[in-house]
Amino acid sequence: MLIRDSKSLPIVPSGEITSRDAYLERRAFLRALGGAGAAGAALALGVAGCRQEATAGVPEDTITDRDDATRYNNFYEFGLGKEDPSRYAHQMRTSPWSVQIEGEVARPATVAIEDLLSHHQPEERVYRLRCVEAWSMVIPWLGIPLGDVLARFEPTSRAKFVEFETLYAPEQMPGTRRAVLDWPYREGLRIDEAMHPLTLLAVGMYGDPLPNQNGAPLRLVVPWKYGFKSIKSIVRIRLREDQPETAWNQAQPREYGFYANVNPEVDHPRWSQRRERRIGEFRRRETLPFNGYAEQVASLYTGMDLAKHF
Ligand code: MTE
């Protein structure tokens, strides 16, 4: 399934004009992921224009330059500087790679990434990414809805939350030699958030496999939450009855909540969240509730005090 651009799903095709070589390369990549059918559809859109329909009062979203998206990163396992991940993440071995799926599932398993992906067709989705640090980008991801993947392992009725864990390999990850966080990097979602159709397990971006610095070979993308929820280089997915501890919340509970829904009304203790710097643009933009995806996801939080559960 390829979701098209619409007001309710701000997803636009990637790329403008695709060269024949790039086209063939992407096609081989998407086929290798098991999605030849989806690949055809994605590529048909790949040669269309890349501008999104403007939504009322909101400036258009333009896809962020690929160099910016792959050189300005947060991946603390490789250092705190924005360019450290692109400099050092090549040291991470991403093949072979397997993912352990455990906890409250009827069919727990450790699955090689090729097997995990072979059951699904990757989709192209263009999402805004809003970092808690008040910068943002617009990225064309390739991925699979997380809910489709989880369903195959049959979550039990006790599965209320999903916990994710990043690879922890100090010899490959120079940043983990400092106790910036309690490694491994861990994140979590409520089960309904995990099953929401916008929640993606990404395997590629800009029509290519994920670069290591962006979380190869498999990362989460939750577009209505601050970027730190979008955990990279996942090796473990655990379904649980209780809410998991998450790395940033553990480190600074007053600054980084479990929910981390993008919310211009709730400031970070050290800065405002009302506006954001879109990488590649000069003027700051207004930050939108749920990063512009309120129509799709606000109902998940009906009755919740979002200032308390930030
Ligand atoms: N995942 C891991 N394992 N380690 C990290 O430091 N940083 C997070 C998130 N996922 C991070 C992570 C933060 S703060 C953001 S904003 C996004 O990744 C950045 O993703 P990008 O570098 O692909 O833009």
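Biologist: Which strand gives the most to the lining of the largest pocket?

Modeller: Helices (H or I, at least four residues) and strands (E, at least two) are DSSP runs, numbered from the N terminus. The protein has nine helices and twelve strands. The strand that gives the most to this lining, with four residues, spans residues 135-145 and is β4.

Biologist: Where in the protein is confidence lowest?

Modeller: The protein averages a pLDDT of 88, and 81% of the residues score at least 70. Over residues 35-55 pLDDT stays under 50, as it does over residues 1-17. Where pLDDT is low, the predicted coordinates should not be read in detail. Strand β5 (residues 161-166) has the highest confidence at 99, and the lowest, a mean of 38, is in helix α2.

Biologist: Why does tyrosine 206 count as buried?

Modeller: Tyrosine 206 is in the loop between β7 (200-205) and β8, and its phi is near 50 degrees, a positive value in a residue other than glycine. Buried means under 20% relative accessible area, exposed over 50%, and partly exposed in between (1.4 Å probe, protein chains only). Tyrosine 206 counts as buried because its relative accessibility is 9%.

Biologist: What relative accessibility does alanine 260 have?

Modeller: Alanine 260 is found in the loop between α8 (247-251) and β11 (275-278). Its phi is positive, about 55 degrees, although it is not a glycine. Alanine 260 counts as buried, because its relative accessibility is 3%.

Biologist: How far apart in space are the C-alpha atoms of glycine 257 and lysine 308?

Modeller: Glycine 257 also belongs to the loop between α8 and β11, and it is buried at 7% relative accessibility. Leaving out residues up to four places away in sequence, glycine 257 touches Phe228, Asn249 and Phe310, where contact means heavy atoms within 4.5 Å. Lysine 308 is 51 residues from glycine 257 in sequence, and their C-alpha distance is 9.0 Å.

Biologist: Which residue does a cis peptide bond join to tryptophan 183?

Modeller: Tryptophan 183 lies in the loop between β5 and β6 and is buried, with a relative accessible area of 11%. The bond has an omega of about -5 degrees, and the residue it joins to tryptophan 183 is proline 184.

Biologist: Which backbone oxygen does the side chain of tryptophan 183 reach at 2.9 Å?

Modeller: Tryptophan 183 touches Tyr76, Glu77, Tyr168, Gly175, Thr176 and Arg178, not counting residues up to four places away in sequence. A polar atom of its side chain lies 3.4 Å from the backbone oxygen of threonine 176. At 2.9 Å the side chain of tryptophan 183 reaches the backbone oxygen of arginine 178.

Biologist: Which residue is joined to alanine 216 by a cis peptide bond?

Modeller: The residue in question sits in the loop between β8 (208-209) and β9 (219-221). Omega of the bond is about -5 degrees, and the partner of alanine 216 is proline 217.

Biologist: Which side chain makes a polar contact with the side chain of glutamate 123?

Modeller: Glutamate 123 lies in strand β3 (residues 123-130) and is buried, with a relative accessible area of 4%. A polar contact is a pair of N or O atoms within 3.5 Å; within protein, one must be able to donate a hydrogen and the other to accept it, and residues adjacent in sequence count only if both atoms are side-chain atoms. At 2.8 Å, the partner of glutamate 123 is the side chain of arginine 125.

Note on methods:
Residues numbered from 1 in each chain as written. Predicted model: local features only at pLDDT ≥ 70, side-chain atom pairs only at ≥ 80, totals over all residues. Heavy atoms only, no water. pLDDT = per-residue confidence, 0-100.
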